[in-house]
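Student: I have a new structure open and want to learn how to read it. Where do I begin?

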Amino acid sequence: MRSLGLVLALLLAGCGSAPLPHYGPQERFSSVATYARLFDAPPAQTCEAARRALLSQGYLIQGATAEQVEGRKNFQPDTESHLQIYIRVVCVPDAPHGVLSTGFVTAVQDRYTIKKVSNSASLGVGGIGSLSLPLSAGSEALVKVGSETIASESFYDSFFELVRGYLDSTEPEAAH
């Protein structure tokens, strides 16, 4: 009988709890126009133009091959915040013999904030008790508070326009 009462109490306690939040799909697979563009150049030239575009805007190149480029850039909009943008460009052939390519770009923005931690110390004296004193010393650390894929069409339009400008300014490789 006692176990039956315990089970009943647990069931009633479970009924009073709030349901877990459910997040529906955040993605709509409707258009590739935001994240991809067709270029009149082989993949290696497209990725080289993308690398130059990122360099021209102050991005640090994390890695670059004939098929992909990765870069990062840091921002500090105010003294308590830090932003980091990570961009990856993947260049794939889009025609026989690689004369056309598609550049796929994804940019992720990570947000950080400064977390301040203060330290305190306790002093215990026998017979009297303990005394807690705050120390003036503290420490700060950057804590990641959010991350999201940039979905702004104008952001990608301006990037692709810059890549196109670098493609137009380079001479195509001579055919062998």
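Tutor: Begin with one term. A nonpolar core is a set of buried Ala, Val, Leu, Ile, Met, Phe, Trp, Tyr and Cys residues joined through side-chain atoms within 4.5 Å. Keep in mind that this is a predicted model.

Student: How many residues does the largest nonpolar core have, and which have the most contacts inside it?

Tutor: The largest core has 21 residues. Those with the most contacts inside it are Ile87, Val89, Val105, Phe159 and Val163. The elements giving two or more residues to this core are α2 (43-56), β4 (81-93), β5 (101-125) and α3.

Student: What does Val89 touch, not counting residues up to four places away in sequence?

Tutor: Val89 touches Cys47, Ala50, Glu67, Gln68, Val69, Phe104, Val105 and Phe159.

Student: Now the overall layout. How many helices and strands does the chain have?

Tutor: Three helices and six strands. From the N terminus on, the order is α-β-α-β-β-β-β-β-α. Buried residues make up 23% of the 176 residues. As for contacts with a separation of 6 or more, 57% of them join residues 24 or more positions apart.

Student: What about the surface of the chain?

Tutor: The accessible surface comes to about 12,600 Å². Carbon and sulfur atoms hold 58% of that.

Student: Which residues of α3 are buried?

Tutor: Tyr156, Phe159, Phe160, Val163 and Leu167 are buried in α3. They cover an arc of only 95° around the axis, so they sit on the same side of α3. The face turned away from that buried side carries the exposed residues Ser154, Glu161, Asp168 and Ser169.

Student: And how far does α2 reach?

Tutor: From first C-alpha to last, the 14 residues of α2 reach 20 Å, close to the 20 Å expected. Its buried residues are Pro43, Gln45, Thr46, Cys47, Ala49, Ala50, Ala53 and Leu54. Just after α2, Gly58 takes a positive phi of about 90°.

Student: How is a pair of aromatic rings described?

Tutor: By the distance of the centres and the angle of the planes. The whole structure has four aromatic pairs. In one, the rings of Phe155 and Tyr156 have centres 5.2 Å apart and planes at 85°, so the pair is edge-to-face. Ring pairs link Tyr35, Phe155 and Tyr156 into a cluster.

Student: Are Phe155 and Tyr156 buried or partly exposed?

Tutor: Phe155 has 23% relative accessibility, so it counts as partly exposed. Tyr156 is at 0%, so Tyr156 counts as buried.

Student: Where is Pro77 found?

Tutor: Pro77 is in the loop between β3 (68-75) and β4. At 53% relative accessibility, Pro77 counts as exposed. Leaving aside neighbours within four places in sequence, Pro77 is in contact with His82 and Leu83.

Student: How far apart are Tyr112 and Glu80?

Tutor: Tyr112 is in strand β5. Tyr112 and Glu80 are 32 residues apart in sequence, and 8.5 Å apart in space, C-alpha to C-alpha. Leaving aside neighbours within four places in sequence, the contacts of Tyr112 include Glu80, Ser81, His82 and Gln84. Leu142, Val143, Lys144 and Val145 are also among them.

Terms used
Residues numbered from 1 in each chain as written. Predicted model: local features only at pLDDT ≥ 70, side-chain atom pairs only at ≥ 80, totals over all residues. Heavy atoms only, no water. Buried < 20%, exposed > 50% of the residue type's maximum accessible area, 1.4 Å probe, protein only. Helix = DSSP H or I, 4+ residues; strand = E, 2+ residues; numbered from the N terminus. Arc of directions from axis to C-beta. Contact = heavy atoms within 4.5 Å. Areas by Shrake-Rupley, 256 points an atom, 1.4 Å probe, with all protein chains shown as cover. Phe/Tyr/Trp six-rings, centres within 6.5 Å; stacked < 30°, edge-to-face > 60°. Expected span 1.5 Å × (residues − 1).
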